[in-house]
Each structure stands twice: as structure tokens, then as C-alpha cells.
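Please find below my notes, as numbered points, for reading alongside the model.

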Amino acid sequence: MNTRITVLALALATLTNTPLAASDHLDTQAVIDDPSSDIGDLYAWMSPDGRRLDLVMTIVGKKFSDHVRYAFRIDSGQAPGKTSATSTIECDFNSAVAPECHLDQLDRARGDASGEQGIQSEQKHFRVFAGLRDDPFFNNVRGTRAALNVAATALKAGARRDAAGCPRFDAATGARILDEWRHTEGKAGTDFLAGWNTAALVVEVDLASVNRGGPLLGVWATTTVRAAPPGHPPLQEGVAIDRIGRALTGNALLGTFDSDEASEARKQQYNRAPPEAWPMFVPDLAETLAIYDAFDGICGNQWLAKRRVGLGRYTQLALLLADDRIWIDSRARQCKHSFGVERHESDCGGRAPDVDAVDVFRSLLVSGKTHGVEDGVARDDHEVSDSVFPFLAPPNPQPPSP
């Protein structure tokens with residue numbers, strides 16, 4: 001979740017009396033100012049027949065811009081984190097639903113892509129859909145914010161930390177954090193995003209076109225400046241605006257408990273950083289990982305954390321997450337386990353739109369397990385598909401208004 005929180009943060013400020021200290025600065029002002037450049041989510045998984053890579057990028061602003069370039073980046077190699085080739089699918093829009101998309105120099109698709117079947121590329125290597133769809137992301141946003149605010153209050157009150165930076169929350173605080181996460185204002189967890197529509201860029205591409213470096217695929221997405229909008233200062237073409245790999249890494253772990261100013265500056269650096277600069281965010285991620293580790297009252301049981309108390313306890317997971325790509329083993333056809341590649345499971349990994357990746361992520365950060373820290377919302381309010389293009393449900397005719 002970049003996941004709409006950039007827009008929802010403003011709405012939630014008026015919908016809850018909970019202080020926003022922990023989570024009102026969830027994305028940079030640049031993408032808030034231009035929602036058509038704000039990537040909501042990225043999904044990437046293998047088709048059930050193993051022949052195609054399926055990709056979905058959702059856009060918070062519910063429309064595409066002729067000033068923004070939208071791109072999927074697929075790195076390939078023999079092992080996660082070690083890639084030797086990159087394929088890029090870039091799309092420019094000169095009208096609302098008619099992109100011109102290029103797969104490197106190999107193939108091109110252009111035209112009205114808003115029909116259910118999308119449009120086929122000239123050399124038949126990929127297919128693309130662009131248009132409004134039901135947003136497949138599901139999350140108890142209010143419960144999440146309430147949980148983080150409990151932690152922020154305890155930190156501000158002076159909760160002691162061990163040598164690795166893990167706070168020693170008392171039992172009542174830890175129990176309240178997990179309870180708030182499961183509920184919405186004291187009631188059953190509610191999907192705040194139910195009925196929400198999003199602009200969706202959907203691509204189905206032949207595996208053979210994107211796996212030159214090997215069977216392990218690292219997928220991430222970007223929006224960059226194509227041209228400066230009228231009345232705006234000149235912007236250099238290609239300047240990064242937003243990027244996303246795994247769900248939540250950038251927004252949930254970077255600057256989460258910092259001041260607004262510090263968080264804004266660091267997230268802007270994060271969005272613009274090229275891959276070779278990603279390791280610079282390891283200390284930031286490790287600091288926040290230490291706080292998440294404390295939410296169940298046990299320090300050191302986070303996934304990949306060292307039991308021994310010390311400054312390097314969270315480095316291994318921070319390094320893994322700083323390389324912010326969705327990892328897919330293209331040799332596997334089942335994609336049901338979030339972090340399947342990183343956890344060495346017999347699964348393609350990736351992120352299919354029907355997988356509750358957020359709860360898995362939270363559980364790994366809190367307890368080192370793939371379950372146990374849930375937000376009370378287990379599925380979207382609409383059916384999605386991992387096999388029938390364009391995968392997402394049609395848009396809601398009467399979407400909710402924040």
C-alpha cells in the first residue's frame with residue numbers, strides 16, 4: 001500500500017478523533033499534489049499455464065496523465081537480488097484510455113485499451129488494458145492507523161528500548177496495538193476501501209520476452225516525468241515521481257514515526273533513488289522494524305531478526321526490504337504465498353490480487369510467522385481473477401466518497 005493512503009490520510013483526519021502522529025505523512029507531497037502520478041499498488045504473478053507474466057499497476061488519481069510516463073520494470077536473474085538483465089514496459093497516454101506502450105525495442109501496442117480484452121501488441125508479445133476498475137486492495141485503514149498511534153503515543157511517553165532499538169512496551173500496550181489492528185473503532189474490522197475505483201494499467205506479457213537473465217524475476221513500477229504540466233515549473237524528462245515494489249515497504253516502514261518534515265524528505269529521496277542507491281535506506285528500515293518487532297511484546301522474534309540483542313539485529317531483513325522488488329520464480333505456476341521466493345517456498349511468490357499480502361507482511365514483522373497479526377479484513381468486496389484478463393472487477397457505478 002502506497003495503496004490509496006495518500007488520499008485517504010486527508011479523509012481519515014476528518015473521520016477519526018485519533019491523533020495522527022504516527023501515520024499522517026504516508027507519501028510525499030509531490031504525489032499527493034498529482035494523484036495521476038501516484039501509484040496505489042503493484043501486483044505481479046505468473047499465469048496458471050506458466051507462459052506469461054501478469055502485471056497490474058493501480059493509480060490513486062483514477063486517471064492517467066499525458067505528463068506522466070508509467071513503467072513496469074522486470075529484472076531477471078538466477079537468484080533473488082542478483083539479476084543480470086532488465087526489461088521495461090513503458091506507457092505514455094495522449095488520451096484517457098489510449099496508451100502507446102513499448103516493450104523495450106521489441107514490440108509496441110497503441111490504441112484504445114479500455115475494452116475488456118485490451119489491445120494486442122504488434123508482434124503479439126504482450127497485451128495491455130487501461131481504464132477504470134474496482135480497486136482490488138483491501139485493508140482496515142482505520143484500525144491500522146489506530147494501532148500505529150498507540151505505538152507512537154507509547155514511544156512519546158518514553159518507552160524504553162533495548163540495545164537493538166526494540167521498545168519494551170508493557171503488556172497492556174502490546175495487547176491494545178494488536179486489538180486496534182483487528183478492529184475498526186471497537187467493532188469488527190472494516191475495509192475502508194470497499195467500493196473504491198482506481199485507474200488500472202494491466203499488462204500480460206510473454207515470459208520469454210522478459211526472462212533473458214534467468215527464471216527469477218524482480219518486478220517494480222515507476223512513474224516519471226514525461227513533460228511538465230502547463231503552468232508548472234519546467235521539469236526534466238525522466239525525473240522519478242513515485243515507485244513501488246512490495247506492498248507497504250515505502251509507506252509503512254520509512255519515516256513512520258518521524259516528524260512530517262523528516263518523513264517527507266526521506267520518502268522523496270526514496271521515490272527518486274535508483275536501484276544502486278537503495279541500500280542507503282537500510283538504517284531507516286531497521287529502525288522502524290525494531291518498533292514493529294515489539295508489537296507482540298517479544299523482541300527478537302521478527303522474521304530474520306537475530307535473537308542476540310545488538311545493533312545488527314534487524315539488518316538482514318532491512319537489506320532484503322531495501323531491495324524493493326516483488327520476487328517471482330517463473331518456473332512455478334501457483335502464486336498463493338506472499339514472500340514465497342524470499343521464504344524458499346515451492347510457490348512463485350509474487351503478489352496476485354487475491355492474496356492477503358498485507359496481513360502476511362505484518363505478521364512476519366511482528367512475530368516472524370505468516371499469520372497471527374490480522375486486520376479483520378481477509379478479502380476484497382469484489383471477485384478478482386488470476387487467470388482471466390484484465391483480472392480486476394469492473395468499476396463500481398456508485399463508488400463511496402471519502
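1. In this predicted model, the contact between helices α3 and α4 is formed on the α3 side by Gly143, Thr144, Ala146, Ala147, Val150, Ala151 and Ala154, which meet Thr173, Arg176, Ile177, Glu180 and Trp181 of α4. Sorted by class, the contact of α3 with α4 comprises seven nonpolar, three polar and two charged residues.

2. As to the geometry of this pair, the axes of α3 (residues 141-156) and α4 (residues 171-182) come within 7 Å and cross at roughly 160 degrees. Angles over 145 degrees count as roughly antiparallel, and α3 and α4 are therefore roughly antiparallel to each other. The crossing in which α3 passes α4 is right-handed.

3. Turning to the cysteines, the structure holds three disulfides, and, with bonded cysteines counted along the chain, they follow the pattern 1-2, 3-4, 5-6. A disulfide is a covalent bond between the sulfur atoms of two cysteines.

4. One of these disulfides joins Cys91 to Cys101, with an S to S distance of 2.1 Å, and the link of Cys91 and Cys101 is right-handed, with 115 degrees about the S-S bond. This pair links distant parts of the chain, since Cys91 belongs to strand β4 (residues 82-93) and Cys101 to strand β5 (residues 99-103), ten residues apart. Both Cys91 and Cys101 are buried.

5. Another disulfide joins Cys166 to Cys299, where the S to S distance is 2.0 Å; with -80 degrees about the S-S bond, the link of Cys166 and Cys299 is left-handed. Cys166 sits in the loop between α3 and α4, whereas Cys299 sits in the loop between α7 (282-293) and α8 (315-322), so that the pair links distant parts of the chain, 133 residues apart. Cys166 and Cys299 are both buried.

6. A further disulfide joins Cys335 to Cys348, with S to S at 2.0 Å, and the torsion about the S-S bond of Cys335 and Cys348 is about 115 degrees, so this disulfide is right-handed. Both Cys335 and Cys348 lie in the loop between β14 (326-329) and α9 (357-367), and the pair therefore ties together parts that are 13 residues apart in sequence.

7. How exposed or buried are Cys335 and Cys348? Residues under 20% relative accessible area count as buried; Cys335, with a relative accessible area of 7%, is therefore buried, and Cys348, with a relative accessible area of 0%, is buried as well.

Conventions:
Residues numbered from 1 in each chain as written. Predicted model: local features only at pLDDT ≥ 70, side-chain atom pairs only at ≥ 80, totals over all residues. Heavy atoms only, no water. Axes fitted to C-alpha atoms, helices over the stretch in contact; angles between N-to-C directions. Helix = DSSP H or I, 4+ residues; strand = E, 2+ residues; numbered from the N terminus. Parallel < 35°, antiparallel > 145°, perpendicular 65-115°, else oblique. Left-handed = near helix turned anticlockwise from the far one by under 90°. Contact = heavy atoms within 4.5 Å. Nonpolar A, V, L, I, M, F, W, Y, C, P; charged D, E, K, R; others polar. Disulfide = S-S within 2.5 Å. Buried < 20%, exposed > 50% of the residue type's maximum accessible area, 1.4 Å probe, protein only.
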